[in-house]
Amino acid sequence: MMIFEEQTKLGIPLHPINAAVMPVLLYYNTQAALEMPPDELIKPVLVALIASLFVYSISCLVFFAFIGKEKVHRAISLGALFASSVFAIFYSLTYCVILDGIFKVSGSSVSVMATAPSWLPVFWLLAILPVVISVLKPVLLPKLESSFNAVLLVLILTQIGVLALNCFTYISICHSVEQLQLKEMDLLKAKKSDCKPDVFYIILDQMAGRDGLKEYLQYDDDWFYSELEKRGFYLSKKSLSNYPITRLSLASSLNMSYLDKYQTASGSDKKNWTMMNKLARDNQTARLFKRQGYHYVLVDSGFAASNNSNITDEIKSGTFSDFFSERILRSTIVSLFPGAEEAIMSFARNRILNQFDYLQKMEKCNTPKFVFTHILSPHEPYLFNANGEPVYFPGGRCDHQWTTETRKAYLAQVQFIQKKTLATIDVMLAKNPDAIFVIQGDHGTHCSDYVSEHSPSDNLLNERYSILNAYKVPSIIQARLAKDIEPVNSFVVILNGLFDYGIELSPDKQIYSSYDEPFLFKDVSERVIRRREKD
Ligand SMILES: [Zn+2]
């Protein structure tokens, strides 16, 4: 708050800084606080701060040039007003997105975004009006400046207050989850072991199993399974995920448990995803490896549940941007410029390629490591053709029934990711032949239905739980893998096999919940026909 107090003493208006940062806080508080940890704000706030200083300085320099150096204060005031106007215009679309979200939550059918093209240009003209008035009538400048300072100060302080409440909720949920996790950890005792191979857990988002790909996309990837087998992998033939949604799936497999036992820690708002982010970020698997002297290395996915951790020893991060920053950028008027979406998608493409690069560069060291990476592909957006060349397939998520084009784009991406995964494994195995690998899909596809239905069709359930599930483990552990092991038990078998932790296996189950009600868990195992076909 120092900057606000110093404002009057220095005579330098600070409202442009507030005008640049406040919308980022507002967007987080209204659109993302339930699903993104507060640390996701650090990068966009930092960028907004730097951008505000840059635009502010340039504006002042321009007014210096026009007004003359002898009227320094007037030039600064006009520069400040102009910079704030620029940020009002820049975030004008963001305000529409926020208003739309508020109407949606209140059950209104009003769509601000639909009418925006007709009145946004008027808003932009109004935003620049204070600058024009101040140039024409300099006497009004002090009043306009104090109004801008006061309004933006109130707005940013309000958002900081709301953010503080969101942080408090976040910290208390994380604390409750961690208490439960540590209590479980205390019960687990291990034997000493000298066998400490590096362990790589690679999640390929939405990589369906071969039965699912054959049935729903008429794609035969037996070649990929043969190639994995040639490299010593054990493949679960008809594996099923335990959950249908990314964060639930990651939280479950990384904690070797179903999630209902953590429900008491989830907080009062049943749409708050903090618990899942916390479980995926600071997971029991990593803790148990660390207890054996392993380093926990996280290869940054850019996605809130798998881009950070309080217990990691190292985070490999190749790109500055992440999902949340890109979401904010998409909400601004940047998205109105031709080529903007293509440029934003290139960030995601580079992030995926960087993840593979980091895996390939990993050397075998004296200290064993547990490496986790969540590669957000072949899940949409579609960024690669089958040869790995960049493609531009706008449209982001495909929540409803897939079109012929969507299916083609998904399959091309599947083929590229399969080839890239094999090439990466070859490089890694050449350096680290005894390493353990678990390569899994977190859930299958959803060609046939919208995944967030409260009452999913049997067809969707059968499609959605089919996943790739591949293991390269020492033979003694492979002997313990059940024929169609499910992700909830992957690391139970590996940790028990390596260190005799005595962790209990969970029964195989398919649990359903939707994005709207992630904690309304329903056991749908009996409706998954593929399960009955397993034997
Ligand atoms: Zn996913």
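Student: In S5, which residue is the bridge partner of Ile 202?

Tutor: The model is predicted, with local features requiring pLDDT of at least 70 and side-chain atom pairs counting only at pLDDT 80 or more, while totals for chains, interfaces and linings use all residues. Residues are numbered from 1 along each chain as its sequence is written.

The bridge partner of Ile 202 in S5 is Thr 373. Strands (E, at least two residues) and helices (H or I, at least four) are DSSP runs, numbered from the N terminus, and two strands pair if DSSP finds at least two bridges between them. Strand S5 (residues 369-375) runs parallel to S1, joined to it by 6 bridges. S1 also pairs with strand S6 (residues 436-441), in the parallel sense and over 6 bridges; there, Phe 200 has Phe 437 as its bridge partner.

Strand S1 (residues 199-204) is largely enclosed by the rest of the structure, because 6 of its 6 residues are buried. A residue is buried if 20 or more other C-beta atoms lie within 10 Å of its own, exposed if 12 or fewer, and partly exposed in between, with C-beta atoms placed from the backbone. In a regular strand, side chains alternate between the two faces of the sheet. Both faces of S1 are covered: Val 199, Tyr 201 and Ile 203 are buried on one side, and Phe 200, Ile 202 and Leu 204 on the other.
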